[in-house]
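Subject: Structure handover

Hello,

Here is the structure you will be working with. Please open it first, then read my notes beside it.

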Amino acid sequence: MGHTATPQDTAGGLTATEHRLPNGLRVVLSQDHLTPVAAVCLWYDVGSRHEVAGRTGLAHLFEHLMFQGSRQVQGNGHFELVQAAGGSLNGTTSFERTNYFETMPAHQLELALWLEADRMGTLLAALDEESMENQRDVVKNERRQRYDNVPYGTAFEKLTAMVFPEGHPYHHTPIGSMADLDAASLEDAREFFRTYYAPNNAVLAVVGDIDPEQTLAWVEKYFGSIPSHDGKRPPRDGALPEVIGEELRELIEEDVPSRALMAAYRLPQDGTRAADAADLALTVLGGGESSRLHNRLVRHDRTAVSAGFGMLRLAGAPSMGWLDVKTSGEARVEDIEAAVDEELERFAQEGPTTEELERAQAQLEREWLDRLATVGGRADELCRYAVLFGDPQLALTAVRRILEITSDEVRAVAAARLRADNRAVLVYEPTGPQEDETEADETEGADHQ
């Protein structure tokens, strides 16, 4: 096992070391002795972008199957063992990865490593028609509960399909379609696992109150004998023109609590300065109650009860800027849209004030440091940068990069991208009685019990 990187002193003095097993598994370790806990995070380089037409939803279905037992762990045993040891765990699926994670009392770290290795190495020993059928139904039910049967629940799916054209690897969301979930066979699932759930397609991060030497010895003991697999094809190219070229629009008449305006914009790919600049632009425009759109629509015009602008960072395709405005009373969507365009135009001309930029940078810095401050959050970020950008150390210097962005870069990316010919728009018109509102998220994660 080779030691391939030296620690770097970065955010708050945090460091990480990297190692690689002969079977290709990448291991990232970061010590933190503040509390007697340890986080284990395993990212597999597979998400919905790796799926093919007719078989969408397999990545997310697999996230559920991974909690159905392996050779030495029966049924729901993964959950039972971790929780009995005082730990917590879950898994989620996105366009670009599937991850599994445990936070354990430090003295139970070996158990978490053994459990993750057992399912990576032997899941197929326990995968049968019964568990496949069981989890297919669970995922279909999750789709109903989170997408199909909640107000505005399919908005994310609709906007994604508009921003990323038919045939594009990001055209469909990780939840998958009902028809494709029905069509997936046990052999499809087995082939998917063999291809993607291999050590050379994964990054394991262990963060917290650990002894690095002992941790590496356990990783080698439990993961070292799992064979690598060379059959994985690279994901399809997700590149697209910087702007859509026209405004795409759909009117949806549904039983929703209020009228709504939602829009998605194509933004720069993650891992670039332009993506950081876009994140800052959206934070100034729609990140919280001090943002321009909240001040304009909620406080001043009083046409909206909420107005937010967020960013879905994507590494293998353009990122997405997500505008979400819920109207107030009888306010007209046309008036709100005109006000939004006015604010975007002004921002494209003038950019942020010095105070706005500093506040947005402080907000993003605080969010970053909050993630890095927990052992689970740091393990996840180390995995993310290792899988998507090849270098986990980038997680520890991300704050510095945000603070280097200038107001002119923020103005320029807004002028180039936050335009009417670069957005997909959904207008919701209520048809029935009012009720509580819920919204969908791009990451599919579930309570697997």
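Helices (H or I, at least four residues) and strands (E, at least two) are DSSP runs, numbered from the N terminus. With that in hand, look just after H10: Arg-302 takes a positive phi of about 55° there.

This is a predicted model, in which local features need pLDDT of at least 70 and side-chain atom pairs count only at pLDDT 80 or more, while totals for chains, interfaces and linings use all residues. Residues are numbered from 1 along each chain as its sequence is written, and side-chain values use heavy atoms, with hydrogens and water left out.

Arg-302 is in the loop between H10 and S10. Is Arg-302 buried or exposed? Arg-302 counts as exposed, at 64% relative accessibility. The cut-offs are these: buried means under 20% relative accessible area, exposed over 50%, and partly exposed in between (1.4 Å probe, protein chains only).

Tyr-152 also has a positive phi, near 60°, and is not a glycine. Tyr-152 is in the loop between helix H4 (129–148) and helix H5 (155–163). Tyr-152 is buried, with a relative accessible area of 2%.

**The cores**

In soluble globular proteins, nonpolar side chains tend to be buried together. A nonpolar core is a set of buried Ala, Val, Leu, Ile, Met, Phe, Trp, Tyr and Cys residues joined through side-chain atoms within 4.5 Å. The largest one here has 62 residues. Leu-261, Phe-309 and Leu-418 have the most contacts inside it. Another core lies apart from the largest one. This other core has 52 residues, among them Leu-42 and Val-219.

What does Leu-418 touch, beyond residues up to four places away in sequence? Its partners include Tyr-265, Leu-282, Phe-309 and Val-413. Contact means heavy atoms within 4.5 Å.

**Helices that cross**

Two packed helices are described by the angle between their axes and the distance between the axes. Axes are lines fitted to C-alpha atoms, for helices over the stretch in contact, and angles run from 0 to 180 degrees between N-to-C directions. Angles under 35 degrees count as roughly parallel, over 145 as roughly antiparallel, 65 to 115 as roughly perpendicular and the rest as oblique.

Start with H12 (residues 354–373) and H13 (residues 375–389). Their axes are 5 Å apart, at an angle of about 105°. H12 and H13 are therefore roughly perpendicular. Trp-368 and Arg-371 are among the H12 residues that meet H13, where Glu-381 and Tyr-385 are among the partners. By class, the contact of H12 with H13 has 5 nonpolar, 1 polar and 4 charged residues. Ala, Val, Leu, Ile, Met, Phe, Trp, Tyr, Cys and Pro count as nonpolar, Asp, Glu, Lys and Arg as charged, and the others, Gly among them, as polar.

Now take H9 and H12. Their axes come within 9 Å and cross at roughly 110°. H9 and H12 are therefore roughly perpendicular too. From H9, Asp-279, Leu-280, Thr-283 and Val-284 make the contact. By class, the contact of H9 with H12 has 5 nonpolar, 3 polar and 2 charged residues.

**Buried helix residues**

In helix H1 (residues 58–65), 8 of the 8 residues are buried, so H1 is largely enclosed by the rest of the structure. Among them are His-60, Glu-63 and His-64.

In H10, the buried residues include Arg-292, His-294 and Arg-296. The buried residues of H10 pack against H9, S10, S11, H11 and H12.

**Single residues to check**

- Ser-291 sits in the loop between H9 (273–286) and H10 (292–300). Ser-291 counts as buried, at 1% relative accessibility. A polar atom of its side chain lies 3.5 Å from the backbone oxygen of Leu-285.
- Lys-326 is in strand S11 (residues 319–327). Lys-326 counts as buried, at 0% relative accessibility. Its side chain joins that of Asp-324 in a polar contact of 2.8 Å. A polar contact is a pair of N or O atoms within 3.5 Å; within protein, one must be able to donate a hydrogen and the other to accept it, and residues adjacent in sequence count only if both atoms are side-chain atoms.
- Val-203 lies in strand S7 (residues 202–208). Val-203 and Ala-386 are 183 residues apart in sequence, yet 7.0 Å apart in space, C-alpha to C-alpha.

Best wishes
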